[in-house]
Amino acid sequence: PKKPLNLLKTALPNDETPVIIDYNRSNVYFTFGETRLICRLLEDKYPDYAAVIPQENPNVITISRMALLSSINRISIFASKTTYQVRFKVTGNELTISAEDIEMANEAVERIPCEFEGNDMEIGFNAKYLLEIASQVDRENAVFLFNSSGDPTLMREGNDLSAVYVVMPMRV
């Protein structure tokens, strides 16, 4: 669970103190110095994640991770506070990111160069989810792979296939 991990993060010393991690079927134990943190493991049944990951993704956007993060940070300020929706419109080798809040009569639009393979399209995302995922990427480029604007979108770190992130689009 998230709460114990945040407690662990704040309790860990900023030196080379070794951390001993033990676990059994129901708990995990973190021991360092004089401190011992016990956390109950989640017992839910998880869905088959492989079934959610689309296999056919003919549309591919390759974009600078920093340009993407910066743009979404700026644009999301103007997004609706209930949906946080940002729109991606890909035309040629240009990604247009936009957001609007109809209630507050705000809108913002930015264009970023990208490499795009596929058919021009428009797709919406929750800006919070995109920021969370893109901030985990360590590589220079982020790659988005998708089939259509209604299907799950994959994001990965450049050509690295060891980590794949899935984000569900929003209806535009």
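Helices (H or I, at least four residues) and strands (E, at least two) are DSSP runs, numbered from the N terminus. By this definition, the protein chain has four helices and twelve strands. This is a predicted model, in which local features need pLDDT of at least 70, side-chain atom pairs count only at pLDDT 80 or more, and totals for chains, interfaces and linings use all residues. Residues are numbered from 1 along each chain as its sequence is written, and side-chain values use heavy atoms, with hydrogens and water left out.

**Overall form**

- The protein chain has a radius of gyration of 20 Å, well over the 16 Å that the globule rule gives for 172 residues, so it is more spread out than a compact globule; the radius is taken over C-alpha atoms, and the rule is 2.2 Å times the number of residues to the power 0.38.
- Along its principal axes, the C-alpha trace spans about 55 × 40 × 30 Å.
- Of the 172 residues, 38% count as buried, meaning under 20% relative accessible area with a 1.4 Å probe, protein chains only.

**Aromatic cluster**

- F88, F125 and F144 form one aromatic cluster; rings of Phe, Tyr and Trp (its six-membered ring) pair if their centres lie within 6.5 Å, and planes under 30 degrees apart count as stacked, over 60 as edge-to-face and the rest as tilted.
- The structure holds three aromatic pairs.
- The ring centres of F88 and F144 are 5.8 Å apart and their planes stand at 80°, so this pair is edge-to-face.
- F88 belongs to strand 5 (residues 85–91) and F144 to strand 10 (residues 141–146), 56 residues apart.
- F144 is buried, with a relative accessible area of 1%.
- F125 and F144 form a tilted pair, 6.4 Å centre to centre with 35° between the planes.

Notes
Buried means under 20% relative accessible area, exposed over 50%, partly exposed in between (1.4 Å probe, protein chains only).
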